[in-house]
Amino acid sequence: MVDTIHQSFDTTPSLEIQAVFLDISKAFDKVWHDGLIFKLKQNGISGSILKLFESYLSHRKQRVVLNGATANYADIKSGVPQGSVLGPLLFLIYINDLEENVKSQIRFFADDTMLFSIVDKPNISANDLNHDLEIIHQWAMQWKLEFNPDPSKQVNELLFSVKKKPPIHPPLLFNSNVIAKVDEHKHLGIILDSTLSFKSHVNEKIIKTKKTIGIIRHLSKFLPIKTLLLLY
């Protein structure tokens, strides 16, 4: 994604890139078991291997224990076991068809999804992105997943542009709500800004490093030099 933006800036500086970042809420816990079995069948899984997956997902239960008091067991009808070897693979199979019928470019890594369009004409890019956002919304409803109910992880729009006077871009909608436009967004651990200067990302790392060095300086009174060097 970053390489794509850099290439657009370098070769066609008059163009912009309009990106939308989405996050699936509690993604691994929301995988619908019946839907997953259906998609396994679609991918050619059958016979004893399919029965193995059905057995792996079935008869799972959970309960709450608080101060010695226990609730009744409840059946688990969604979710892939986190921390397991199969969990990430089953999740990827479940969301693999998310990109079908999408006009814009799409990238997803686990539960982080990004749509982006290289903007020549703002109206056309906005129409394509709004079309894709509606496709994704309908897909999520069909497969019982939710995007961004957490206010801290709402859908964000970021316009990558080096233009001094960017043109007006029509609003983008998701689930009938106007998507918030931001100047920067943290995606996969990297803070991306509209000009890819990475200033915010570097500053965040500097602040984090200073805090860590401060802790090491405080521990220097109590730990040997070899341990301090290892921590550093």
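Predicted model: local features only at pLDDT ≥ 70, side-chain atom pairs only at ≥ 80, totals over all residues.
Residues are numbered from 1 along each chain as its sequence is written, and side-chain values use heavy atoms, with hydrogens and water left out.

**View 1. The whole protein.** Start with seven helices and 13 strands. These are DSSP runs numbered from the N terminus: helices are H or I with at least four residues, and strands are E with at least two. The C-alpha trace spans about 60 × 60 × 35 Å along its principal axes. Its radius of gyration is 23 Å, while a compact globule of 232 residues would come out near 17 Å. That radius is taken over C-alpha atoms, and the globule rule is 2.2 Å times the number of residues to the power 0.38. Buried residues make up 34% of the 232. Take contacts (heavy atoms within 4.5 Å) between residues at least 6 apart in sequence: 66% of them join residues at least 24 apart.

**View 2. Lys30 meets Glu146.** The structure holds four salt bridges, and this is one of them. A salt bridge is a side-chain nitrogen of Lys or Arg within 4 Å of a carboxyl oxygen of Asp or Glu. In the pair Lys30 and Glu146, the closest N and O atoms are 3.6 Å apart. Lys30 sits in the loop between β1 (16–23) and α2 (33–42), and Glu146 in the loop between α5 (122–142) and β8 (156–160), so the pair ties together parts that are 116 residues apart in sequence. Glu146 is partly exposed, at 43% relative accessible area.

**View 3. Asp97 meets Lys39.** This salt bridge has its closest N and O atoms 2.9 Å apart. Asp97 lies in the loop between α4 (86–95) and β6 (105–109) and Lys39 in helix α2, so the two tie together parts that are 58 residues apart in sequence. Asp97 is buried, with a relative accessible area of 17%, and Lys39 is buried too, at 1%.

**View 4. A bridge between two strands.** Lys61 and Asp75 meet in a salt bridge, 2.5 Å from N to O. Lys61 belongs to strand β2 (residues 61–62) and Asp75 to strand β5 (residues 74–75), so this pair ties together parts that are 14 residues apart in sequence. Lys61 is partly exposed, with a relative accessible area of 49%.

**View 5. Inside the largest nonpolar core.** In soluble globular proteins, nonpolar side chains tend to be buried together. A nonpolar core is a set of buried Ala, Val, Leu, Ile, Met, Phe, Trp, Tyr and Cys residues joined through side-chain atoms within 4.5 Å. The largest one here has 33 residues, and Val20, Leu36, Leu115, Leu133 and Phe174 touch the most other members. The elements giving two or more residues to this core are β1, α2, α3 (47–57), α4 and α5. The largest share, six residues, comes from α5. Apart from this core lies another, of nine residues, among them Ile17, Met114, Leu192 and Leu196.

**View 6. Zooming in on Phe174.** Which residues does Phe174 contact, leaving aside its neighbours within four places in sequence? They are Leu22, Leu133, Ile136, His137, Phe147, Val155 and Ile179.

**View 7. Two positive phi angles.** Most residues other than glycine have a negative phi. Ser176 is not a glycine, yet it has a positive phi of about 70°. Look for Ser176 in the loop between β9 (173–174) and β10 (177–178), where it is exposed at 70% relative accessibility. Leu188, also not a glycine, has a positive phi of about 55°. Leu188 is in the loop between β12 (184–187) and β13 (190–193) and is partly exposed, with a relative accessible area of 48%.

Conventions. Buried < 20%, exposed > 50% of the residue type's maximum accessible area, 1.4 Å probe, protein only.
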